[in-house]
Amino acid sequence: MKVSENTSVSMPIKNMLAIVAGIIAGVIGYTELTGRLTSLETSRELFQADLLKKSEQKPTDQEQFMLIEALYGDVEKLTENQEQNMTNKVNIEFTQTQLEKALEDIEKLKDKVRENGH
């Protein structure tokens, strides 16, 4: 069998249209796949660039972190001070009751001394 430019091929039109439709579907599928891959790669690159940009600390971020740390230290000191004040209140109330009792006892002793003197 010799094949040349004058060789004729007989094929039903249905088959030829099916082959052309298959080729067109393949080209469209390939184009869609390539576009989707390009889109995903672009979004990945943008995501990585944004992530790197956000990971860098700017001077305002550093200042805010320092302020937060200072405020946290102040809150800890205030909490400790508040706890000490609560125990001081209990001690002061106890001392007041003891002082009132002592004053009553002193008044009783004064009264006894006055009675013994007359």
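Visitor: How many salt bridges does the structure hold?
Guide: This is a predicted model, in which local features need pLDDT of at least 70, side-chain atom pairs count only at pLDDT 80 or more, and totals for chains, interfaces and linings use all residues. Residues are numbered from 1 along each chain as its sequence is written, and side-chain values use heavy atoms, with hydrogens and water left out. A salt bridge is a side-chain nitrogen of Lys or Arg within 4 Å of a carboxyl oxygen of Asp or Glu. The number of salt bridges in the structure is three.

Visitor: Which residue forms a salt bridge with Glu45?
Guide: Glu45 is partly exposed, at a relative accessible area of 45%; partly exposed lies between buried (under 20% relative accessible area) and exposed (over 50%), with a 1.4 Å probe and protein chains only. The closest N and O atoms of the pair are 3.5 Å apart, and the partner of Glu45 is Arg44.

Visitor: In which helix do Glu107 and Lys110 lie?
Guide: Their side chains meet in a salt bridge, 3.8 Å from N to O. Glu107 is partly exposed at 39% relative accessibility, and Lys110 is partly exposed at 38%. Helices are DSSP runs (H or I, at least four residues), as strands are (E, at least two), numbered from the N terminus. Glu107 and Lys110 are three residues apart, about one turn, in helix α2 (residues 59–117).

Visitor: What is the N to O distance between Asp111 and Arg114?
Guide: Both residues lie in helix α2, three residues apart. Asp111 is partly exposed, with a relative accessible area of 37%. The side chains of Asp111 and Arg114 form a salt bridge with an N to O distance of 3.4 Å.

Visitor: What is the radius of gyration of the chain?
Guide: The chain has two helices and zero strands, and its C-alpha atoms fill a box of roughly 160 × 35 × 20 Å along the principal axes. The radius is taken over C-alpha atoms, and the globule rule is 2.2 Å times the number of residues to the power 0.38. A compact globule of 118 residues would have a value near 13 Å, whereas the chain has 48 Å.

Visitor: What percentage of the 118 residues is made up by buried residues?
Guide: The chain exposes about 11700 Å², with 61% supplied by carbon and sulfur atoms; such areas come from the Shrake-Rupley method with a 1.4 Å probe, and for residues only the protein chains shown count as cover. The share of buried residues among the 118 is 0%.
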